[in-house]
Amino acid sequence: MVPTTKLRVLVAKPGLDGHDRGVRVIARGFRDAGYEVIYTGVHQTPEQIVSTAIQEDVDLVGLSCLSGAHLFLFGEVVRQLREKGAGDITVVGGGIIPDEDIPKLKEAGIKQVFLPGTSLDEIMKWTEENVTPAGMREESMQ
Amino acid sequence: MTVDLVDRILAGDVRSAARLMRGIEDSDPVAFDTLEKLYPHTGHAYIVGVTGAPGGGKSTLVDALIGAFRRRDMTVGVVAIDPTSPLTGGAILGDRVRMQEHCADSGVFIRSVATRGWLGGLARAAMGIIHVLDAMGKDVVLVETVGIGQQEVDITHLAGTSIFVLTPDSGDAIQMMKAGILEVADIFVINKADQEGALRVKTDLQAMLNMNGSTPDELKPPIVLTEAVNGSGVEALAMEILKHREFLASHGGLQKRERERARLELAEAIESALRDYISSSVDKASQEELVEDLVRRRISPRAAASEVISHLPRP
């Protein structure tokens with residue numbers, strides 16, 4: 001069997017907002033880019049998202065939030081990932097996010113923020129340039 | 001270095017286990033070495049297969065079953081398989097949408113797996129991933145296959161107990177009489193049993209099962225009505241699973257199935273090693289010449305294959 005690495009992505013909606021149209025389009029985009037996408041639906045707690053990200057060994061977590069609670073929820077996901085020794089997993093976010101919150105999110109460890117109107121191509125290109133699938137190398141374990 | 005990884009997995013470390021599962025899916029040689037070292041520590045987990053047509057409620061049922069086993073203080077692993085796109089190689093693994101109840105429970109490990117072109121409702125990596133969950137000490141491993149049709153019976157070779165999930169609109173008596181998965185399932189579930197037609201499906205299924213001659217070392221498959229979404233019937237299903245395991249244990253069936261599983265795994269390992277050996281040994285240029293000869297009808301496929309094989313170096 002020829003070794004192949006494949007990017008694994010978790011797309012999740014933390015919090016109470018139930019609008020998942022956008023996140024489904026994103027999931028579909030990642031699928032069409034040849035990635036394996038774990039989709040977990042709406043109303044996720046940060047605990048659920050972090051536990052899923054680790055069990056599924058994803059390289060990238062994409063969070064979507066349209067309710068305004070992104071500062072708390074996105075930051076909490078990064079904090080808990082780090083707490084569990086999984087701070088190497090890249091976290092990005094998208095949704096209705098005021099410009100002035102973007103630096104705060106990046107400060108909290110959100111690697112990139114995608115605002116409404118971002119094309120799928122842009123997101124896929126960013127992913128390809130910034131995220132690489134984890135291999136079995138020992139140094140990637142800790 | 002793989003020894004550390006082995007120890008961490010045996011101690012139940014989730015991150016290490018998850019990373020190893022990834023390596024197995026990616027056919028990483030280091031992962032296979034690690035798996036070798038874990039293999040002697042497997043054999044504890046009871047494997048339960050859950051199969052049936054798409055949309056029948058398999059994921060919801062698995063979620064409910066996790067709860068039933070957790071209430072018995074058993075730890076649970078789940079392997080949830082979804083299809084890979086034949087066009088892009090990508091996949092949307094959505095079984096977890098219905099499995100949110102237990103995802104933050106440390107006694108539960110759920111892993112989504114893409115088929116990556118593997119047929120038969122499983123994935124090539126499935127058995128390796130089951131071994132990892134087993135080595136971590138999980139008491140039960142639930143394997144949810146791709147939503148499948150009638151012929152894909154692979155899971156019944158791996159599982160101790162195979163559950164086939166139907167719904168009240170699963171078709172008439174003729175569908176039930178067809179050969180395939182219906183002949184080999186250990187437990188039948190009619191899910192969404194609140195919908196019209198559940199009892200008719202049960203009657204048809206019962207009639208089909210009554211026509212099968214039963215042997216003393218096989219239990220007649222029970223039919224369980226469930227509404228997985230509200231948990232109705234799930235406790236009864238969990239009891240039937242444990243009852244089936246006890247029955248197998250008392251009739252030598254467990255060892256028989258374990259041998260069958262081992263035999264299948266060996267056959268697949270041999271085939272896979274041979275495929276690798278052949279694809280790395282065959283001279284591509286001379287193979288293209290043979291293809292040309294085939295196209296021009298100068299040689300038959302069988303004769304061409306013999307020609308290629310006769311030139312293979314000794315392994």
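The questions and answers below take up the strands, helices and chain contact of a predicted model. Residues are numbered from 1 along each chain as its sequence is written, and chains are lettered from A in the order in which they are written. Because the model is predicted, local features need pLDDT of at least 70 and side-chain atom pairs count only at pLDDT 80 or more, while totals for chains, interfaces and linings use all residues.

Q: Why is Glu144(B) called buried?
A: A residue is buried if 20 or more other C-beta atoms, placed from the backbone, lie within 10 Å of its own, exposed if 12 or fewer, and partly exposed in between. Glu144(B) has 31 C-beta neighbours inside 10 Å, and therefore counts as buried.

Q: Where in chain B is the place of Glu144(B), and which residues does Glu144(B) touch?
A: Glu144(B) belongs to strand β5 (residues 140-144) of chain B, where a strand is a DSSP run of E with at least two residues, a helix is a run of H or I with at least four, and both are numbered from the N terminus. Leaving aside residues up to four places away in sequence, Glu144(B) touches Val50(B), Lys58(B), Ser59(B), Val62(B), Val78(B), Ala80(B), Ile81(B) and Asp95(B); two residues are in contact if their C-beta atoms, placed from the backbone, lie within 7 Å. Glu144(B) and Val79(B) stand 65 residues apart in sequence, yet their C-alpha atoms are 6.1 Å apart in space.

Q: Why are β4 and β8 of chain B said to stand at the edges?
A: The open sheet of 7 strands in chain B has the order β4-β2-β5-β1-β6-β7-β8, with parallel pairing. In this sheet β4 (108-114) and β8 each have a single partner strand, so one side of each is left without a neighbour in the sheet. For β4(B), strand β2 (residues 76-82) of chain B pairs with it in the parallel sense over 7 bridges, and Val78(B) stands opposite Ile110(B).

Q: How do you know that the buried residues of α10(B) lie on the same side of the helix?
A: The buried residues of α10(B) are Val234(B), Leu237(B), Ala238(B), Glu240(B), Ile241(B), His244(B) and Leu248(B). They cover an arc of only 160 degrees around the axis, the arc being that of the directions from the helix axis to the C-beta atoms, which puts them on the same side of α10(B). The face turned away from that buried side carries the exposed residues Glu246(B), Ala249(B) and Ser250(B).

Q: What covers the buried residues of α10(B)?
A: The covering elements include β1, α4 (58-71), β6, β7, β8 (223-225) and α11 (253-281) of chain B.

Q: How many residues does the contact take from chain A and from chain B?
A: The contact takes 34 residues from chain A and 35 residues from chain B. On the side of chain A that touches chain B, the largest share, 6 residues, comes from α2(A).

Q: What makes β2(A) and β3(B) a pair?
A: β2(A) and strand β3 (residues 91-93) of chain B share 3 bridges in the parallel sense, and at least two are required for pairing. Val37(A) has Ile92(B) as its bridge partner in β3(B), while Val9(A) also stands opposite Val37(A), in a parallel pairing where 4 bridges join strand β1 (residues 8-12) of chain A to β2(A).
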